[in-house]
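User: I would like to go through this structure step by step. Could you begin with the terms that we shall need?

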Amino acid sequence: MSKDTVPEKQQVLQESTQEQAQQTQIEGQNQQEQQVKQDTQIKVENQENQEKQEIATEQVKQDKEDIKENQQSSQTQEQIIQKDVESEITKNENNIEENQVKEQQEKQQITEKGEVITTQNLDNIFLKADYNFPIEIKVSDPVQKGGNISTYYVYTIKGKDCFGEFETQRRFNEFYTIRELLLVKWPGQYVPPIPEKSVSTGSEIIIERTRLLNIFCMKMMQIKHLYYSEEFYDIFLRSTNPDLNKQLAQIPKQNVFAYTDRYKQTFQINEIKEISPEMIKKMSGVQSFLKQSQISLTKQLEQSKSLSSSRKQLKETFFTIFGLNISEYEKQILQEWVPQNKLIFANPANTDILELTKKIRDPCNNSLDKIQDLISTEIRDIEAFLQAFQTRDSLMQSKQKAEQKLSEEQSDLYKIMKGNSTMKGSFSKLSLEEQKSKLELQLNETQKEVDQYKLLFQLVTDVLTSYTIDKFKKDKHQTYKSILADLAQCEQQYLEIQQQFWSKVQQVIAQNQEP
């Protein structure tokens, strides 16, 4: 063995010994740190337990004091409660007598003054409406109002129903508000659509919107239970309140019981049917058909827009040629050889020809827009009818919320019956027995609400499958025929104007013939 290897081995042994010593020292430090953490945690837990015990002791003392105070004042409270009950009974009896007197006075006033139509006698108005009366209604004459900063359009609604004539002006957002309100008031029912909101207020948009709002009112008059509801017939068509949206918002909200009564009265239903497989199949088939129709109608809408746009361009080109260019041609070229009184378009005596070219050009008389309206309304109708299914489904969601509330109340009642306080009860001054009585009443009301939502859901489904779907199909056919009839009339008028134009041209030519 060489002399050099001995010192190297000794150095290696020394380094390994030092590493072991360092490792041992590190492990000792870690153990000390863990012991310190454990000791600290034990101290914290002991301190928390001690605080809890102190709080519990104070709570026990406070409870004992409260029990003594309650025992001392129980007799006094019973006397006070008894007096309050007796006085409440007396007040109720007096209120009943006063209400009876008021009702008799009101009936007498109505008899003397005749039938007064107000927003408070909704059901009476609704039931007295003559559904067979031929309603007339039209939206027209958009007028811009407002100042420089904010401008808007109002649309004139004019017509007649079984309660008389009416005429009013409404903004577009008021049309929107009334429809949203009807959706809430009539869950599961089809409410006719209105055009989409638009930031732009160009002349073409306003003209189109007027036509579509007119179609909305046309459809409303076909659905009598919507038309003769308080919101539409009494307020939207006849109110003189300058803030109509505010007036509509102030109508009291109805609960599930009121919705059920309204449905029963409107559709004269005495017995609510169970939801059958046939009902579900009918609804599913209609929804599937409507969704498939949306695709083909979207393509047809693009084609109708193209057709309408071509007609507008043709009308504009016709006016440019026969209303402007030919007249300039006669002035600049023919007038060199032909007297002015022999000209046709540039002759001041023939101004009626120019007026006819303006009528032909008039963008408001583009009858092909009605084809576009028919298809776009069909698309909106599909969306509106699918919305009826959505509002029906919302009733089931409301029922589930009521069931959740019922479950929570049952859980609270179980805790109270076991002598435990609930989260709400911990903030209440009532005794456990009083909380129990109150909760039992709440449980009874919530159970009634759950049962009523179930009945309303069945009722809405029955009406939807036995009435609404069939009427939707029938009214759609009627609307289709009405729009086509209007289109045919407008096309005939357009052709008559063209015929007048060319007849006038022929007449002038005949008059200018050389002898």
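Analyst: A salt bridge is a side-chain nitrogen of Lys or Arg within 4 Å of a carboxyl oxygen of Asp or Glu. The model is a predicted one, in which local features need pLDDT of at least 70, side-chain atom pairs count only at pLDDT 80 or more, and totals for chains, interfaces and linings use all residues. Residues are numbered from 1 along each chain as its sequence is written, and side-chain values use heavy atoms, with hydrogens and water left out.

User: How many salt bridges does that rule give?

Analyst: The rule gives 17 salt bridges. One of them joins Arg311 and Glu491, whose closest N and O atoms are 3.1 Å apart. Arg311 belongs to helix H9 (residues 277–332) and Glu491 to helix H12 (residues 432–511), so this pair ties together parts that are 180 residues apart in sequence. Helices here are DSSP runs of H or I with at least four residues, strands are runs of E with at least two, and both are numbered from the N terminus.

User: Is Arg311 buried or exposed?

Analyst: Arg311 is buried, as its relative accessible area is 14%. The cut-offs are under 20% relative accessible area for buried, over 50% for exposed, and partly exposed in between, with a 1.4 Å probe and protein chains only.

User: Which residue meets Glu196 in a salt bridge?

Analyst: Glu196 meets Arg380, with 2.9 Å from N to O. Glu196 is in the loop between helix H3 (172–185) and helix H4 (203–222), while Arg380 is in helix H11 (residues 369–417), so the pair ties together parts 184 residues apart in sequence. Arg380 counts as buried at 11% relative accessibility.

User: Which residues have the most contacts inside the largest nonpolar core?

Analyst: They are Phe175 and Phe385, in a core of 70 residues. A nonpolar core is a set of buried Ala, Val, Leu, Ile, Met, Phe, Trp, Tyr and Cys residues joined through side-chain atoms within 4.5 Å. Another core, of eleven residues, lies apart from it, with Ile360, Tyr494, Phe501 and Val508 among them.

User: What does Phe385 touch?

Analyst: Leaving out residues up to four places away in sequence, Phe385 touches Tyr190, Val286, Leu290, Leu464, Thr468, Ile469 and Phe472. Contact here means heavy atoms within 4.5 Å.

User: Let us change topic. How do the strands pair?

Analyst: Two strands pair if DSSP finds at least two bridges between them. Strand S1 (residues 136–146) and strand S2 (residues 151–161) are antiparallel over nine bridges, and they form a hairpin with four residues between them. Gly146 has Thr151 in S2 as its bridge partner, and Lys138 stands opposite Lys158 in S2. S2 also pairs with strand S3 (residues 164–171), in the antiparallel sense over eight bridges, and a hairpin of two residues joins S2 to S3. In S3, Arg171 is the bridge partner of Val154.

User: How many disulfides are there?

Analyst: The count is zero, where a disulfide is a pair of cysteine sulfur atoms within 2.5 Å. As for two of the cysteines, Cys162 is partly exposed at 24% relative accessibility, and Cys490 is buried at 18%.

User: Finally, what does the chain contain overall?

Analyst: The chain has twelve helices and three strands. Of its 515 residues, 34% count as buried.
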